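Welcome! Please open the model in your viewer and keep the selection panel at hand. We will go from stop to stop together.

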Amino acid sequence: MASDGEELSETTPLLPREEEKSENETFETGNWMLDALLRPGSSVSRGTLSFLNKVFYLLFSSIMFLMWLTEFGNIHTYVFMFLAMGLYFSVRFFVTELQKAKAEGTLGGDQEDEDERLRAQEQEEMRRRLEQEEEVRRREQEQMQMMDAESRKER
């Protein structure tokens, strides 16, 4: 495999690394669309939703064309249209609910956000416990001082 007496070592890469690829190479291979769609948070972007709507409209148009070709007599085209409509409405429902959750701030977010929220809760709970323990110690000290004062009066 190595030419001109060049030896392959364990550190010589046989395939180019992913980070060595330029943007043009990614664009040329066609992975740019897949990369854009699989990027976190891209599923609810305007461009993705617009593209998805256009794809569904093309699907509905092609099914209607097939219905017209079969003179609206083939049950399979009706079933296919029903399934496509179910898919379309379920995707739209999911996207709407996802957008509502993001707007309300009830969406979980990253694991780091969840970890930070848990840490803040633990710190708040620890602070409350320390305050309660301090209050108990203060009361016990006051009681001890009162008992000492009473015992001194009795003497």
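## Stop one: the aromatic cluster

Start by selecting Phe56, Tyr57, Phe60, Tyr88 and Phe89, which form one aromatic cluster. This is a predicted model, in which local features need pLDDT of at least 70 and side-chain atom pairs count only at pLDDT 80 or more, while totals for chains, interfaces and linings use all residues. Residues are numbered from 1 along each chain as its sequence is written, and side-chain values use heavy atoms, with hydrogens and water left out.

Rings of Phe, Tyr and Trp (its six-membered ring) pair if their centres lie within 6.5 Å; planes under 30 degrees apart count as stacked, over 60 as edge-to-face and the rest as tilted. By this rule there are six aromatic pairs. Zoom in on Phe56 and Tyr88: their ring centres are 5.1 Å apart and their planes stand at 75 degrees, so this pair is edge-to-face. The pair links distant parts of the chain, as Phe56 belongs to helix 3 (residues 46-69) and Tyr88 to helix 4, 32 residues apart. Helices here are DSSP runs (H or I, at least four residues), numbered from the N terminus.

Buried means under 20% relative accessible area, exposed over 50%, and partly exposed in between (1.4 Å probe, protein chains only).

## Stop two: Thr77

Next, select Thr77 in helix 4 (residues 75-104). Thr77 is buried, with a relative accessible area of 9%. What does its side chain reach? Look for the backbone oxygen of Asn74, at 2.7 Å from the side chain of Thr77. Leaving aside residues up to four places away in sequence, Thr77 touches Ile63, Leu66, Met67 and Thr70; touching means heavy atoms within 4.5 Å.

## Stop three: Phe65

Finally, pick Phe65, found in helix 3. Phe65 is partly exposed, and its relative accessible area is 46%.

Note on methods: Helix = DSSP H or I, 4+ residues; strand = E, 2+ residues; numbered from the N terminus. Polar contact = N/O pair within 3.5 Å; in protein donor to acceptor, adjacent residues only side chain to side chain.
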